[in-house]
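I opened the model to look up a helix, a ligand shell and a helix pair. My entries follow.

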Amino acid sequence: MSLLTVDDAAVTFGDAPALDHVDLTLEPGEIVSILGPSGSGKSTLLRAVAGLQPLTAGRILLDDADQASTPPHRRGVGLMFQDHALFPTRDVGGNVAFGLRMHGAPRAAAERRVAELLGLVGLPDAARRPIATLSGGEQQRVALARALAPSPRLLMLDEPLGQLDRGLRERLVQELRAVFTRLGTSVLAVTHDQGEAFALADRVVVMHDGRIAQTGTPQELWRRPADEFVARFLGFGNLVPATASGGEAETPWGPVPVPKDAADGRYLLLVRPGGVRLAAPEAASLRASVTARTFRGGPADSVTLALDPERGPALEATCRLGDAPVPGSTVAVAFDRDEVVLLPQ
Ligand SMILES: Nc1ncnc2c1ncn2[C@@H]1O[C@H](COP(=O)(O)OP(=O)(O)OP(=O)(O)O)[C@@H](O)[C@H]1O
């Protein structure tokens, strides 16, 4: 039995659909990220599940029970928003205990739970600290402890790390995943940041104009974006129209090898930057000049190259720093079949 079932859910403001007949399930213990650009309907979906946004059509089920007549506070879901609004006049412990006391937990039990949660989020001795003395990252952890305290059956996060700087976000997202995995918490998290979605979730749902464009594990989305929108949203740019026939495609760059099992026909062809290889001039038929190179770092000492080929649109390639040609030089380019994806036109 799925924990959450969104069944053909629609929300319309005026005549514009904010949620356009969306189907989604979430299993117990699963962490799902909703990823999409601004205005794609992410928050509307979250608010609908929480009961804060009525549906125009369709159903929300939790543990198979239709929630149409269940008010938000009886749905057993926890919410943590970007603007996490801690109570400034209560100390850390008072903030974390808030939901517990609301649910009628006795004081001693609430205090034990607060101590347990503050330990879990890495602030074991902070219960009596005033909110004003906390850094942004510490406030975020307190907000998380507060949302987790009543043990919601589903925890929903709306851009939970949106206001923090990049380094802190990357660290916190790993901590969040570790905490959720340890507790077995079921999570639905909204973000417009691909890195955050990939680092946090077991499964990512990409939204576009109120619809689900693609659902899959981070690896599946990265390996096989379903269409041009998803590919571009994930940052892929090497896209050209192509006609495939017999394991090869005719493209503006010339012939490109395509997956062996691809049916003949017309496609939009994507080459991931890692599949644009710098080759010996005699081994490749496409020459390109290097227009820029950007050091990305990481364990592979990776560099991104901007290439201007003799035919076809600009190309992006990645290589190791030690192998990277300097801007202004001419290289020969070959395409790696395994890094080519054929998308519908
Ligand atoms: N209360 C409202 N009244 C009218 N239109 C709304 C309302 N709430 C959302 N919308 C519209 O619905 C669409 C989806 O909005 P939503 O906030 O769900 O998008 P989002 O993906 O969460 O965007 P963001 O990342 O900017 O928060 C947008 O076009 C938005 O303008």
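Is α1 mostly covered or mostly open? I found 8 of its 9 residues buried, so to speak mostly covered. Buried takes 20 or more other C-beta atoms within 10 Å of a residue's own, C-beta atoms being placed from the backbone. My list of buried residues in α1 reads Lys42, Thr44, Leu45, Leu46, Arg47, Ala48, Val49 and Ala50. Gly51 follows α1 and has a positive phi, near 90°.

I noted the basis. This is a predicted model, where local features need pLDDT of at least 70, side-chain atom pairs count only at pLDDT 80 or more, and totals for chains, interfaces and linings use all residues. Residues are numbered from 1 along each chain as its sequence is written. Helices are DSSP runs (H or I, at least four residues), numbered from the N terminus.

Next, the ligand. I listed Phe13, Ala18, Gly36, Ser38, Gly39, Ser40, Gly41, Lys42, Ser43, Thr44 and His192 around it. A residue counts as near if its C-beta atom, placed from the backbone, lies within 6 Å. Helix α1 (residues 42-50) gives the largest share of this shell, 3 residues.

Then I checked α2 (residues 92-102) against α3 (residues 107-120). They pack at about 125°, axes 9 Å apart. Axes are lines fitted to C-alpha atoms over the stretch in contact, with angles from 0 to 180 degrees between N-to-C directions. Gly93, Val96, Ala97, Leu100 and Arg101 in α2 meet Ala110, Arg113, Val114, Leu117 and Leu118 in α3, with contact set at C-beta atoms, placed from the backbone, within 7 Å.

How values were computed
Helices (H or I, at least four residues) and strands (E, at least two) are DSSP runs, numbered from the N terminus. Two residues are in contact if their C-beta atoms, placed from the backbone, lie within 7 Å. A residue is buried if 20 or more other C-beta atoms lie within 10 Å of its own, exposed if 12 or fewer, and partly exposed in between; C-beta atoms are placed from the backbone.
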